[in-house]
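Which charged side chains pair with one another, and where do the partners sit? The report below takes up these points.

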Amino acid sequence: MLDEVSIIVAVSGGSFTAAYYGLRGDNIFKDYREKFLTQDVQGDLLRAFLNPFNWPRLWSPRFGRSDLAQEYYDRTLFEGVALSNMDKKNGPLIVILATDMIDGVSFPFTRETFNWICSDYSRFPVSRAVAASSAFPGPLSPVVIRNYAGSCGMEIPEWITKAPQTADPDSRAYQMAVIANTYLDKKNKPFIHLVDGGVSDNLGIRAIIDRIMVSGGIREALDKSNISGIRRIAFIIVDAETTARPSWSIVGDIPGIGPVMEVSSTVMVNKYNYETIDLLRRTIKDWQVEDEAKNKPLDFYIIHLAFNTLPEKTERDYFHGIPTSLSLQADQVDRLRDVAARLLFASPDFQRLVRDMDGEIPRPPFGDEIR
């Protein structure tokens, strides 16, 4: 079934896995665990930040902690390859999301976005896109890229020029066009400052909805993607939201600036997960009404993998308590991989999808299934 995946939208820590899969394909299952998942990436980065040999560069206003992290990601995973290396005819489209911290909107690392800013997609490092997507505010610095808009003779898409003429603030297409126009204005936006993609779109869903909206609807988006004969569309949403409460929250102490910044950033990233999935459900209803009018019904499946659906409280508490970190213990990694499979096979919409495709629900590859 993985061969049928058309697009993977990755945010924050998920961008490492998505990018590596985009580059290595099924080889990810051979070496990714040992090469990255069980490595003390966070400790390695901290040691690099504290290394006096790196301080002169870190003191520069043109080089930040995320730039140092990018160098580490290249050495351990990506070997300096460019985004274009993920473009494969027989593989899914990989979209890595960061957040434009000035305007608070998603910045997708796609050819279209790079056309807007007249930057070379074929030379932009995968490691830098991943560093931007995972630049958690505070511990990691923003990734800054230059805007060259207007220097390459790009033909501005009609939806960008047409939507603002309607001046309809309630229109999603209008809002998207307003955002796009900020990137086309190099004078007022000569640089783009990027932080963790989860700040604007923690589940990577809004970017898909927005893209379909500006395409004119679900059918138009499929047609423009040269995808025909589609009957079923499945969204597999991997939600790693944590709910661990800091110890100071139950003793009445006034937290310092560090704990406040940490909690604020985590809340900011996790807060809108429910609203995002609710938006997807409401949007799908609109698409179904649109399809019914054209007598071309599509079946949709929302496969939401979340720890909240685990039946045992002790297990829910365990996974909710795993920190958002670039350093996990080997047993945590293995248990996360185990529960992901169990959550997938237990999803009612996944089961419905397999049945509708005349398939059989496989037994989970790890552990016992969720009942």
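## Basis of the values

This is a predicted model, in which local features need pLDDT of at least 70 and side-chain atom pairs count only at pLDDT 80 or more, while totals for chains, interfaces and linings use all residues. Residues are numbered from 1 along each chain as its sequence is written, and side-chain values use heavy atoms, with hydrogens and water left out.

R128 and D67 form a salt bridge with an N to O distance of 2.7 Å; R128 belongs to helix α7 (residues 126-133) and D67 to helix α5 (residues 65-78), 61 residues apart. Helices (H or I, at least four residues) and strands (E, at least two) are DSSP runs, numbered from the N terminus. R128 is buried at 14% relative accessibility, as D67 is at 10%, where buried means under 20% relative accessible area, exposed over 50% and partly exposed in between (1.4 Å probe, protein chains only).

K189 meets D100 at 2.9 Å, N to O. K189 is buried at 8%, and D100 is buried at 0%.

D87 and R111 meet in a salt bridge at 3.1 Å, N to O. D87 is in the loop between α5 and β2 (93-100) and R111 in helix α6 (residues 111-116), so parts 24 residues apart in sequence are tied together. D87 is partly exposed at 35%, and R111 is partly exposed at 43%.

Note on methods:
Salt bridge = Lys/Arg side-chain N within 4 Å of Asp/Glu carboxyl O.
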